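Here are a few friendly notes on the aromatic contacts, for you to read alongside the model.

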Amino acid sequence: MGDELPEEDSDDEDFVPKEPEKDEQEDVSGVDFTALTSNVAKYSKSTRSEVKKQKSEALGETIAKLLPSFINFQEVTSPSVFKKYIQNSSAFKNIPTSQYAMHPGPTYKAGTYHESYPLMYNTAMIHQRPKLYVMNKENTGLAPYSGNLIFGKKNNQPRPTSVYGFNVPIGRYNLRPPSKDNFATGKPNLKYRRKHSNLKHRKIQYQPMSVINVHTSPSISTISKQVEHIRKSAEVLKEKGHSTMASGDWYAERGAKIQWAELEQSEDWNLAAPEQNTSFPGKGKLGQTADHFLLDNHAFTANSAHAIPPPNDDYTSLEDHLTKDVSADQLEKWRDINIDHAPVLLHAKLNPLASPSLRKKRKLNDF
């Protein structure tokens with residue numbers, strides 16, 4: 001299941017595959033990828049077991065069907081429990097165990113409340129463990145993530161901006177790499193390297209990208225102020241040469257209307273959002289397109305953004321989700337699973353770095 005390797009990538013350790021011609025290797029037209037963002041509505045150790053299982057079964061089936069390149073989650077208060085339930089879900093067991101890994105993400109704290117933003121990623125495409133960073137207090141640059149991030153009204157500050165940095169292979173060939181990380185430690189997987197020693201001559205080209213985690217809340221400050229803070233983070237990264245996108249739960253359509261309108265009309269940024277509401281607060285409150293992506297228009301080409309309904313017989317494949325309309329009633333059925341947001345799927349392309357100067361400026365893992 002997932003990205004299939006060419007026949008030449010034999011498991012025979014004595015087999016030496018034929019490399020594509022040099023000019024073919026360098027014919028780089030960008031990297032197609034899909035990304036999913038999903039607010040899972042406070043998934044914690046204390047959540048009832050039946051609710052955890054219900055959520056995990058629906059999310060696991062969604063991931064197994066769409067096979068996104070990576071998934072950003074919000075409101076996960078226990079990443080280890082969340083990972084366990086997702087991996088043990090019925091549909092997810094059909095995915096090869098090595099295909100998806102999970103980074104536990106940053107932990108945010110406000111008083112007694114805490115939450116994390118795990119990143120689940122497809123190791124068929126992302127060969128090294130993503131690195132986690134946080135914008136400094138001045139919001140002018142990145143530093144390695146080193147512990148809990150404090151936010152809230154008491155501190156009079158939005159959530160500090162956290163950023164995942166990782167590399168994706170470029171080129172027309174989906175080749176098995178000669179080396180992969182041990183995704184638990186972030187160090188090279190020596191067992192994998194020995195098993196595929198016949199591939200050590202293979203040179204895989206990579207390109208870095210940066211993904212900002214987004215989760216706003218009206219209980220901290222105005223949504224407008226929070227969105228402005230995220231926009232500044234994105235602008236800073238873009239100016240430093242990062243291929244930057246932001247993913248998550250924004251609440252900007254109704255909570256930051258001026259910012260939303262500016263982003264819709266921007267020539268530098270692409271607001272990739274579905275047409276339908278993705279949040280369903282209930283109790284007579286109005287929903288909105290809360291969940292979406294923001295992409296640097298020069299670094300990325302956004303093809304589509306689709307709100308994803310819970311698993312059902314009308315949508316059995318990725319193609320169904322990309323070609324069939326979905327109704328508000330179908331999306332709102334996530335509430336029956338104790339999730340008040342619909343996941344959103346992005347289909348996009350990471351464009352080649354524009355010039356030799358940018359290639360020199362942004363090296364792998366250079367954050």
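**Notes on rings and charges**

1. The charged end of Lys 324 sits over the ring of Tyr 315, at 6.0 Å from the ring centre. Arg 159 has its charged end over the ring of Phe 151, 4.4 Å from the centre. A charge counts as sitting over a ring if NZ of Lys or CZ of Arg is within 6 Å of the ring centre and within 35 degrees of the ring normal.

2. Before going further: this is a predicted model, where local features need pLDDT of at least 70 and side-chain atom pairs count only at pLDDT 80 or more, while totals for chains, interfaces and linings use all residues. Residues are numbered from 1 along each chain as its sequence is written, and side-chain values use heavy atoms, with hydrogens and water left out.

3. Searching the whole structure gives ten aromatic pairs (rings of Phe, Tyr and Trp, the last by its six-membered ring, with centres within 6.5 Å; planes under 30 degrees apart are stacked, over 60 edge-to-face, the rest tilted). One of them is Phe 33 with Phe 300, edge-to-face at 6.0 Å centre to centre and 75° between the planes. Phe 33 belongs to strand E1 (residues 31-43) and Phe 300 to strand E17 (residues 300-307), so this pair ties together parts 267 residues apart in sequence. Strands (E, at least two residues) and helices (H or I, at least four) are DSSP runs numbered from the N terminus.

4. Together with Phe 70 and Phe 166, Phe 33 and Phe 300 form one aromatic cluster.
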